[in-house]
Amino acid sequence: MTPALSSLLDDVLRRNAGEPEFHQAAREVLGSLGPVIEANPHYARAAVLERMTEPERQLIFRVPWTDDEGNIRVNRGFRVEFNSALGPYKGGLRFHPSVTLGTVKFLGFEQIFKNALTGLPIGGGKGGSDFDPKGRSDAEVMRFCQSFMTELYRHLGEYTDVPAGDIGVGGREIGYLFGQYKRITNRYESGVLTGKGVGWGGSLVRTEATGFGAVVFAQRMLATRGRSFDGARVLVSGSGNVALYAIQKVHQLGGTVMACSDSSGVVYDRDGIDVELLRRLKEVERARLSEYAARRPSADYRANGDIWALAAETPIDVAIPCATQNELDATAATTLAGNGVAAVVEGANMPCTPEAVHVLRAAGVLFAPGKAANAGGVATSALEMQQNASRDAWTLEYAEQRLDDIMTAIHDSCAETAEQYGAPGDYVLGANVAGFVRVADAMLALGVI
Ligand code: NDP
């Protein structure tokens with residue numbers, strides 16, 4: 001890192017004390033930008049990075065709600081509106097007990113570059129709450145969502161800030177949030193939230209988009225080494241929205257996903273994961289993953305198991321972490337690299353620790369960072385906004401083709417940028433530089449704001 005970038009990073013760390021995930025994301029992005037800043041001194045003169053690392057607005061608010069026993073509960077809500085140079089703030093909401101301002105800031109910062117990579121007119125933001133939806137009834141989730149939106153609505157709008165889902169926020173939660181927004185504002189403003197149901201303003205393929213897109217990105221990346229998913233054996237961590245549709249797409253392309261996980265354990269299925277059974281359990285019954293093994297004779301459940309350790313027991317070609325940040329560490333990366341894994345593709349946001357990324361790259365394993373590989377979700381959200389604005393609903397084929405085209409373009413832009421900066425095959429550098437340049441140029445054009 002150049003001395004100027006290093007001093008900027010020190011400043012970011014100092015001003016955002018106690019936010020290790022945001023520090024990690026800032027260090028990773030700034031660590032890639034030396035060559036582009038040196039070649040373009042006007043970015044430094046305009047303090048583009050100083051501005052880009054400081055959110056435009058950060059909201060923290062109280063969310064009181066009543067549980068089914070009549071007890072009053074209090075959670076904390078967040079929305080970080082990070083950068084709107086390219087369009088309205090866009091990024092999901094996460095409901096998980098681990099959520100802090102630092103988590104939301106790391107996700108919002110990543111979102112700026114990810115959204116720029118899609119080539120679509122969307123800025124970066126993220127939000128959420130430390131509310132834990134696990135084990136809560138539908139009525140409790142609804143009351144929480146209504147209270148959350150009762151504060152957040154005043155900051156949203158289809159031209160201002162457009163949230164979507166993330167961990168713990170799926171179609172059910174988006175429905176309750178949208179209902180409350182509509183009630184308070186008395187406007188059917190479809191474009192204010194994405195991830196809506198297909199029957200009421202949602203887009204076909206939005207639910208599948210992040211997982212599908214990550215696998216399309218992986219397919220392009222594997223092709224650069226003359227490989228494909230045909231016959232490939234794959235590990236996918238998580239069993240939520242992203243994991244589920246990554247698994248489905250791998251199977252469509254002729255690969256087999258041998259295992260998936262949740263925060264309690266791992267399922268290994270000798271015959272490959274049965275997507276229909278998994279979808280029914282997770283989306284309809286809201287069951288734990290242990291239930292999958294109970295219903296499938298070819299599967300074993302390992303409580304507290306480590307999914308990446310399976311690579312030492314059975315041949316694996318590709319790993320797709322789709323659960324949460326820092327779930328794949330240096331030990332896991334060493335196991336994957338040492339057992340012949342060809343590619344690691346981040347379906348989740350920042351699931352690999354910096355040490356893991358170092359191990360993978362040093363071993364020559366293809367590595368796709370989340371801000372590029374999982375951008376299909378937000379890209380299809382922007383396509384949902386386009387359909388809402390034109391009061392239109394696209395066909396499945398058209399929506400899927402658009403996703404495919406966008407993922408291919410993101411892959412190619414990362415690969416070409418890496419090549420241009422003398423680091424062929426470095427998708428981390430490619431994604432950070434290509435995303436940065438698009439946002440930085442827009443910021444320059446808009447003046448010092
Ligand atoms: P879901 O809530 O649908 O699923 C999350 C999955 O990850 C669950 O299986 C969950 O297990 C597991 N998980 C969550 N937290 C932990 C943890 N601390 N340790 C171990 N496992 C955990 O979320 P999504 O699938 O939507 O999101 C997954 C990742 O993808 C996140 O990083 C998210 O930011 C990223 N992402 C999501 C997008 C989307 O469109 N949904 C878009 C781009 C990125 P359990 O049920 O036991 O908690």
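## A pair of neighbours

Let's start with two charged side chains: those of Arg172 and Glu173 meet in a salt bridge, 3.0 Å from N to O. Keep in mind that this model is predicted. Are these two residues buried or exposed? Arg172 is buried, with a relative accessible area of 18%, and Glu173 also counts as buried, at 3%.

A search of the whole structure finds 29 salt bridges. One of them joins the side chains of Arg94 and Asp166 at 2.6 Å, N to O. This pair links distant parts of the chain, 72 residues apart: Arg94 sits in strand S3, while Asp166 lies in the loop between strand S5 and helix H8. Arg94 is buried, at 4% relative accessible area.

Another salt bridge connects Glu276 and Arg279, at 2.5 Å from N to O. Both belong to helix H11, and because they are three residues apart, about one helical turn separates them. Glu276 is partly exposed at 45% relative accessibility, whereas Arg279 counts as buried at 17%. Elsewhere, salt bridges with shared partners join Glu28, Glu110 and Lys371 into one network.

Now look at helix H1, residues 3–15.

Which residues of H1 are buried? They are Leu5, Leu8, Leu9 and Val12. These four cover an arc of only 100 degrees around the axis, so they lie on the same side of H1. They pack against helices H2, H3 and H5. The face turned away from this buried side carries the exposed residues Pro3 and Arg14.

Technical notes: Residues numbered from 1 in each chain as written. Predicted model: local features only at pLDDT ≥ 70, side-chain atom pairs only at ≥ 80, totals over all residues. Heavy atoms only, no water. Buried < 20%, exposed > 50% of the residue type's maximum accessible area, 1.4 Å probe, protein only. Helix = DSSP H or I, 4+ residues; strand = E, 2+ residues; numbered from the N terminus. Arc of directions from axis to C-beta. Contact = heavy atoms within 4.5 Å. Salt bridge = Lys/Arg side-chain N within 4 Å of Asp/Glu carboxyl O.
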